[in-house]
Amino acid sequence: MNFGTGTVSGKAGNQMDWTANNTFKSFKDMEPKSMMDIAIIPSIDQIDIGLGSSEKANAITSAKPRKKTMTSVYLKFFETAPDGKSRRCKFCGQSYSIATATGNLGRHLSNRHPGYDKSGDVVSNSAPQPITVIRKSQPHGKPPQVDYDHLNWLLIKWLIVASLPPSTLEEKWLANSYKFLNPSIQLWPGEKYKAVFREVFRSMQEDVRASLEQVSSKVSITLDFWTSYEQIYYMSVACQWIDENWSFQKVLLDICHIPHPCGDTEIYHSLVKVLKMYNIENRVLSCTHDNSQTAIHACHSLKEGLDGQKGGPFCYIPCAARTLNLIIDDGLRTTKPVISKIREFVLELNASSEISDDFIQLATAYQEGSWKFPLDASARWSGNYQMLDIVRKASKSMDAVIRKYEETLGSNRMLSSAEKNVVNIVHQYLEPFYKTTTNICTNKVPTIGLVLFFMDHISETIAVCRESRHSPDWLKNAAEDMAIKARNYNNQVCNIFTYMTAILDPRIKGELIPESLSSGNYLEEARTHFMRNYSASHFASMTSGYSAPEIEDGGSVSFAEEIARKKRRVSMSTATDELTQYLSEQPAPIPTDVLEWWKVNSTRYPRLSLMARDFLTVQATSVAPEELFCSKGDEIDKQRICMPHDTAQALLCIRSWTHGGIKLKFKSTEIDYERLMELAAAAAADNSNAGSDKKQK
């Protein structure tokens with residue numbers, strides 16, 4: 001639906017030319033019919049609605065110039081109020097004084113209700129009535145009748161992409177906006193939108209279930225929880241796996257309403273119901289939860305149930321991202337009042353282009369770096385670190401701006417030397433944490449091995465702070481609390497499953513694995529698991545050559561490295577199985593794409609690669625790390641918290657499934673949105689051309 005080219009002149013020539021295209025056709029009253037009828041509409045029925053003044057001889061004309069300009073023609077479209085002091089338009093209810101000139105009434109009809117003189121001699125009520133418009137002659141015959149349900153299906157897509165509830169379309173101003181373009185447009189009632197969403201959810205859910213039945217490897221699940229504004233407790237269940245082409249796959253299985261009292265029993269039963277719905281309860285290898293006690297107890301009950309069914313090994317682990325977020329929060333504890341003061345300053349910078357321009361100029365003059373606005377002022381870790389960064393890098397510019405705009409900003413925004421000193425100390429201490437979270441967020445596949453490698457570095461950083469005599473007491477106290485959380489995480493995450501997952505990361509293996517995970521018998525347990533479940537017999541040395549990705553700068557492997565690898569292969573000629581040979585080689589460089597490495601080397605390790613496909617699906621985090629550390633998570637939280645109960649499950653799942661490439665379906669019919677958008681684009685082009693032609697005339 002598009003506006004055509006319009007012209008608006010002054011008082012002497014008030015002209016407007018708008019063109020509306022009706023291009024959408026879909027289901028009639030929600031009865032199933034082939035969507036091919038929607039997708040193959042041969043042409044677009046173009047409708048022109050002229051809005052012009054009847055007072056000008058040079059007004060825009062249609063196929064039949066309007067000749068009815070008598071006063072009586074205008075008055076019959078208005079009704080007189082009981083008090084006799086005003087007239088009211090029978091189309092829209094607009095009121096005018098009884099003394100208003102009939103010319104003004106005529107202009108109202110021409111501008112607001114084009115085609116009013118074609119709608120009959122009598123208007124029986126004040127409700128907006130569909131108007132009859134003049135259609136352009138078509139050179140190739142009459143096009144098919146247009147059905148505005150196409151518009152409703154495009155609005156369905158909009159609601160999904162924007163994560164908006166169907167009640168959004170019940171807003172009268174939105175409906176009136178469409179009516180302004182063309183009164184014949186009819187939006188579905190809210191209940192019909194909800195019914196469509198529920199049916200689309202059921203249809204697409206069957207496709208998700210069918211796709212999971214084709215997965216040949218183990219899968220892992222992740223749990224996330226939140227409470228809506230309605231105080232409804234929700235749990236999202238997502239499933240991950242690695243396909244046969246070594247591509248990582250993820251799909252949202254369900255959004256569950258956890259009933260009162262929202263404890264571990266209710267979580268457990270809701271989770272089991274989802275696993276059985278998708279028939280994956282015997283293929284789940286692990287569950288990553290949100291660190292809450294209720295989730296831990298529910299996962300423990302799930303493990304006991306799966307162990308009793310002998311469906312294979314199962315483990316549950318805490319979310320590393322949430323743990324790291326809590327650790328960092330302890331580190332920021334002392335500086336939170338100062339951070340709040342800096343954030344207020346940043347909000348003023350973001351709100352005023354004048355102040356921000358001065359800040360940029362001063363930062364350039366003082367050589368305090370370049371700053372791009374708006375600055376991240378979120379309460380997430382990225383925003384908090386930005387506050388520290390401003391004081392650390394642009395302290396002079398900040399002070400100068402506050403002094404210049406003291407009346408606006410207030411002198412209390414100025415930081416004391418003691419506060420600046422605290423900020424500098426905390427900034428320096430937390431810099432490794434910032435680098436760690438950035439790397440985890442930007443890593444394509446943050447495996448358990450890589451995350452444990454970073455968490456081990458975090459533990460070392462905390463230990464150095466606690467043991468240093470240069471650290472102030474307030475920072476040591478914070479480090480004590482941080483160390484407790486890090487130890488609790490290590491105690492929960494260190495087991496044979498995470499050990500196997502870590503060593504199957506070719507970048508980690510045994511050399512970079514954390515000491516806390518290097519239990520004496522873990523390696524033997526891993527070998528036993530491999531031999532029992534993945535290797536039918538012992539394999540001697542593999543004869544195929546080592547094939548690794550090119551080094552980071554794009555060059556080939558050096559000649560010396562090739563010699564070293566040949567010597568390693570010779571020394572491994574007595575290897576007894578694939579696992580032994582794999583662990584005997586040097587770890588791959590950290591920038592290596594793990595899944596690509598296994599894709600290339602799966603021919604060398606045919607049995608071990610099957611094990612890697614299973615265990616590398618074990619997730620280190622229950623949510624995407626950027627949702628916790630970056631401002632992106634703010635928008636996700638707003639959408640989920642504001643989502644009403646009656647549409648949360650369908651809308652959020654459909655949105656996730658469409659992002660994952662699953663086609664939107666109604667019952668057994670696929671909705672061809674690409675074709676609908678082609679029709680909309682063609683309508684826009686025709687609209688633009690028609691407007692240009694009229695302008696030239």
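A: Angles under 35 degrees count as roughly parallel, over 145 as roughly antiparallel, 65 to 115 as roughly perpendicular, and the rest as oblique. The model is predicted: local features need pLDDT of at least 70 and side-chain atom pairs pLDDT 80 or more, while totals for chains, interfaces and linings use all residues. Residues are numbered from 1 along each chain as its sequence is written, and side-chain values use heavy atoms, leaving out hydrogens and water.

The axes of helix H10 (residues 336-351) and H12 cross at roughly 85 degrees and come within 9 Å. H10 and H12 are therefore roughly perpendicular to each other. Axes here are lines fitted to C-alpha atoms, for helices over the stretch in contact, with angles from 0 to 180 degrees between N-to-C directions. Helices (H or I, at least four residues) and strands (E, at least two) are DSSP runs numbered from the N terminus.

From H10, Ile339, Ile342, Arg343 and Val346 take part in the contact; from H12, the residues are Gly383, Asn384, Met387, Leu388, Ile390 and Val391. Contact means heavy atoms within 4.5 Å. By class, 7 residues are nonpolar, 2 polar and 1 charged (nonpolar: Ala, Val, Leu, Ile, Met, Phe, Trp, Tyr, Cys and Pro; charged: Asp, Glu, Lys and Arg; polar: the others, Gly among them).

The loop between helix H11 (353-365) and helix H12 (381-393) holds Pro374. Phe373 and Pro374 are joined by a cis peptide bond, with omega about 0 degrees. Another cis bond runs from His260 to Pro261, with omega near 10 degrees; Pro261 sits in the loop between E8 and helix H7 (264-277).

Positive phi values also occur outside glycine. Gln231, in the loop between E6 and strand E7 (233-242), has a phi of about 60 degrees and counts as exposed at 64% relative accessibility. Lys509, in the loop between helix H18 (496-503) and helix H19 (522-533), has a phi near 50 degrees, but counts as buried at 1% (buried: under 20% relative accessible area; exposed: over 50%; partly exposed in between; 1.4 Å probe, protein chains only).

E6, E7 and E8 belong to an open, mixed sheet of 5 strands in the order E8-E7-E6-E9-E10. Strand E8 (248-257) and strand E10 (315-318) each have a single partner strand, so one side of each lacks a neighbour in the sheet. Neighbouring strands are turned by 20 degrees against each other on average, direction ignored. E6 (residues 219-227) and E9 (residues 284-289) pair in the parallel sense over 4 bridges, where pairing requires at least two DSSP bridges. Thr222 stands opposite Thr288 in E9.
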